[in-house]
Amino acid sequence: QVQLVESGGGLVQAGGSLRLSCAASGGTFSSYTMGWFRQAPGKEREFVATISGSGTFTYYADSVKGRFTISRDNAKNTVYLQMNSLKPEDTAVYYCAASTGTARGMSTGYPSKGPDYWGQGTQVTVSS
C-alpha cells in the first residue's frame, strides 16, 4: 500500500508560481509512475502531468504545457509540480497519484484507467 501526501498549495496571484510536493511511503518509489491531476469546482478530475519511474519520460496536458514542470527525486521519495505563469483557470484541488503502469498510459488512460493510489489533495487558488 502506497501513501501519498501533498503539500505546497495555497493562494497566489495570476502570473505567480507555486511548487507542489508529494511525499510517498509504503512502496518502492522508483518503480511507480507518478502524476498530478486536478479537479476544479463543478468539473471532472483531469490529468495534469506524469513522470516515469526513472524520470526519463514526462507528459503534460495541453493546458499546462510550457508552464508546469513535473520532476521527481527518487532518493527522497518525492514528486514535484512546479507551476509558473499561473492563471485563474488553474484553480483546483491538485491530487498526486501513483501507478504501476506507464507514464504514457497515465497521460491517456484517465478516467477509464485510473492510477492505483491517490493523495488527499491540496488546494491551489489563483486570483485575478
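## The disulfide

One disulfide turns up when the whole of this predicted model is searched. Cys-22 and Cys-96 form the link, with their sulfur atoms 2.1 Å apart. Cys-22 belongs to strand S3 (residues 18-25) and Cys-96 to strand S9 (residues 92-99), so the link ties distant parts of the chain, 74 residues apart. A disulfide is a covalent bond between the sulfur atoms of two cysteines.

The torsion about the S-S bond is -80°, and the link of Cys-22 and Cys-96 is left-handed. Are the two cysteines buried or exposed? Cys-22 has a relative accessibility of 0% and therefore counts as buried. Cys-96 is buried as well, because its relative accessible area is 0%.

## Strand S9 and its partners

Strand S9, which carries Cys-96, is mostly covered, with 7 of its 8 residues buried. Which strands pair with S9? Strand S4 (residues 33-39) runs antiparallel to S9 and is joined to it by 7 bridges. Within this pairing, Val-93 of S9 is the bridge partner of Gln-39.

Strand S11 (residues 122-127) is also antiparallel to S9, over 3 bridges. Here Ala-92 stands opposite Val-124 of S11. Strand S10 (residues 117-118) is antiparallel to S9 too, with 2 bridges. In that pairing, Trp-118 of S10 is the bridge partner of Ala-97.

Apart from neighbours within four places in sequence, Ser-21 is in contact with Val-5, Glu-6, Ser-7, Trp-36, Thr-78, Val-79 and Tyr-80.

Thr-78, one of those contacts of Ser-21, is in strand S8 (residues 78-83). Thr-78 counts as buried because its relative accessibility is 10%. With neighbours within four places in sequence set aside, Thr-78 is in contact with Ser-21, Cys-22, Ala-23, Phe-29, Arg-72 and Asp-73. That list includes the disulfide cysteine Cys-22. A polar atom of the Thr-78 side chain also lies 2.8 Å from the backbone oxygen of Lys-76.

Most residues other than glycine have a negative phi, and most peptide bonds are trans. Which residues have a positive phi although they are not glycine? Asn-77 is one of them, with a phi of about 55°. Asn-77 sits in the loop between strand S7 (68-73) and S8. Its relative accessible area is 27%, so Asn-77 is partly exposed.

Ser-85 likewise has a positive phi, about 50°, without being a glycine. Ser-85 is in the loop between S8 and S9. With a relative accessible area of 41%, Ser-85 is partly exposed.

The peptide bond that joins Tyr-110 and Pro-111 is cis, with omega at about 5°. Pro-111 is placed in the loop between helix H1 (103-109) and S10.

## The chain as a whole

How many helices and strands does the chain have? There are 1 helix and 11 strands. Along the sequence these follow the pattern β-β-β-β-β-β-β-β-β-α-β-β.

The radius of gyration of the chain is 13 Å, which agrees with the value near 14 Å that a compact globule of 128 residues would have. The C-alpha trace spans about 40 × 30 × 25 Å along its principal axes. Buried residues account for 45% of the 128 residues. Among contacts in the chain with a separation of 6 or more, 60% are between residues 24 or more positions apart. The chain exposes about 6,300 Å², and carbon and sulfur atoms supply 48% of that area.

Terms used:
Residues numbered from 1 in each chain as written. Predicted model: local features only at pLDDT ≥ 70, side-chain atom pairs only at ≥ 80, totals over all residues. Heavy atoms only, no water. Helix = DSSP H or I, 4+ residues; strand = E, 2+ residues; numbered from the N terminus. Buried < 20%, exposed > 50% of the residue type's maximum accessible area, 1.4 Å probe, protein only. Polar contact = N/O pair within 3.5 Å; in protein donor to acceptor, adjacent residues only side chain to side chain. Contact = heavy atoms within 4.5 Å. Disulfide = S-S within 2.5 Å. Pairing = 2+ DSSP bridges. Rg over C-alpha atoms; globule rule 2.2 N^0.38 Å. Areas by Shrake-Rupley, 256 points an atom, 1.4 Å probe, with all protein chains shown as cover.
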